[in-house]
Each structure stands twice: as structure tokens, then as C-alpha cells.
Amino acid sequence: AGSTMAGQAPLGLTAAQQQQQQTTMASVWRSLAAGEHGTPGSCDAAPLAPADVGGGTPGVAPRTHSVLSRMSANRRSAARSVAGGVAASTGSTTIVHMTPVLDEEPYMTLAGHTEDVLDLSWSRGHLLLSASVDTTVKLWHVNPLQQGQAVPPVASFQHPDFVTSVRFHPGQTGVFASGCFDGRLRLWDAAEECVLASSPVQQDSVTTVAFSHDAQRIIVGTLKGMCRFYRHSLAP
């Protein structure tokens with residue numbers, strides 16, 4: 001799979017803004033090439049090793065059910081605490097000062113995809129990945145100080161079908177995994193813009209991907225209701 005650099009600033013930017021954007025993009029690539037959290041492997045695509053294929057057993061173990069119930073109760077309690085605001089009593093009347101949970105309007109918009117955006121993934125810094133029906137993953141450098149400015153993508157990674165899911169490697173900012181509806185899981189080197197490894201999901205399509213907490217495995221959710229586990233050889 002190939003990829004395309006988004007090297008030109010959009011129309012409407014001044015010469016100074018274009019220069020600032022080019023400087024930012026150069027800084028991002030230097031950071032990725034240096035490997036902020038480790039050094040990526042070779043760009044010779046290699047197959048990933050499936051560790052397990054699970055369809056699951058009907059029912060939920062009692063202990064698991066108990067843990068999930070506590071987690072749900074904690075989330076509801078936190079939501080009530082945030083949404084409830086602060087109550088002040090004035091005689092027989094209680095006035096509730098509501099605390100806003102979300103802004104009513106976005107403070108920044110990134111425009112670059114031509115079809116639906118299906119998934120997003122943040123790095124530990126200011127990098128964002130977006131996956132789309134337009135068959136691309138786009139890499140963005142998001143600076144909170146650039147509110148209201150046109151921000152082009154740093155790079156675009158082409159896929160053969162629409163991209164359903166994308167995730168940054170937890171320990172290596174320059175590496176990410178993508179799931180595509182062509183039925184393949186791919187590991188990418190963002191700085192080199194190449195596929196490090198890929199593996200077919202036999203007779204199925206990828207709907208979501210995730211790294212394990214130790215970053216040593218990749219879990220793939222599929223259209224047929226399966227969770228498939230794959231090992232990889234990258235450093236955690």
C-alpha cells in the first residue's frame with residue numbers, strides 16, 4: 001500500500017502561515033524519524049502471527065459481571081456529579097447551577113477527508129490519526145494555538161478499501177495499526193510512510209483494532225463478531 005504526502009498548504013494561507021506550517025511539518029517528521037518512544041523496525045512488510053481466535057462463550061462469569069456492574073455504577077455516579085452542578089439553597093427554593101459538560105460548538109475543525117470519518121486516535125503528543133471511508137488514514141499535527149486556522153494533514157496513507165479503524169502504538173509514536181475492510185491488519189511506519197507488516201483476517205473484514213495494555217499484541221474486531229489476537233515483534 002502506498003501513501004501520499006500532503007505537502008501543499010491550502011489556499012487562503014498567507015506566506016507566513018505557509019512557512020509556519022512547513023516548519024511544523026518538518027519538526028513532526030524529525031520527531032517521528034528519531035523515534036520518540038523507540039525505533040521502528042524495517043519497512044519490509046512481514047506477516048503478523050495470530051495468537052488466538054475467540055468467538056467467546058455464551059454468558060458472563062459472575063466475577064466479571066460484578067466488576068462490570070461496579071464500573072457502570074461508578075460511571076453513573078461520576079456523570080451525576082458532573083451534570084448535577086452545584087446546588088445552593090435559598091429558603092424553601094433550591095437553585096442548581098449547571099456545569100456545562102461539552103462545548104456547544106467545536107473550537108477547531110480539520111478538513112481533509114472526502115468521505116465519512118470512521119475512527120480517530122491521539123498520540124501522546126499533538127499528533128492525530130483519522131480513518132475514513134475515502135480509503136485513507138490521515139496524520140495531523142494539532143496545535144491548540146491554531147484555533148480557527150486551516151490545518152492541512154501532514155501525510156495521507158492510502159488503503160485499497162475504506163479504513164474502519166486506526167490506533168497509535170502505545171509506546172512508539174511513529175508506529176500505528178490500521179484495520180481495512182479489505183480484510184487485512186496493517187502496521188505502519190508513519191515517518192517512512194510504509195507498511196512494516198500485515199496479516200490477512202481470513203474470510204472476514206476488520207471493524208476495529210486495539211493494542212493490548214503491554215503493547216505486545218493487537219486485537220482485531222471483525223464483521224462476523226470475532227475478536228482475533230495477533231502478536232508482533234516490535235519493541236513495546
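This is a predicted model: local features need pLDDT of at least 70, side-chain atom pairs count only at pLDDT 80 or more; totals for chains, interfaces and linings use all residues.
Figure 1. Cys 227, with a relative accessible area of 40%, is partly exposed.

**Figure 2. Strand β7 within the structure.** Strand β7 comprises residues 127-132. Of its 6 residues, 6 are buried, so the strand is largely enclosed by the rest of the structure. Leu 127, Leu 129 and Ala 131 point one way from β7, whereas Leu 128, Ser 130 and Ser 132 point the other way. The residues on both sides of the strand are buried.

**Figure 3. Pairing of strands β6 and β7.** Strand β6, formed by residues 117-122, pairs with β7 in the antiparallel sense. The pairing extends over 5 bridges. A hairpin of 4 residues connects β6 to β7.

**Figure 4. Pairing of strands β7 and β8.** Strand β8 consists of residues 136-141 and runs antiparallel to β7, to which it is joined by 5 bridges. Leu 127 stands opposite His 141 of β8. The two strands, β7 and β8, form a hairpin with 3 residues between them. Within this turn, Thr 135 has a positive phi of about 75 degrees.

Definitions and conventions
Residues are numbered from 1 along each chain as its sequence is written. Side-chain values use heavy atoms; hydrogens and water are left out. Buried means under 20% relative accessible area, exposed over 50%, partly exposed in between (1.4 Å probe, protein chains only). Two strands pair if DSSP finds at least two bridges between them.
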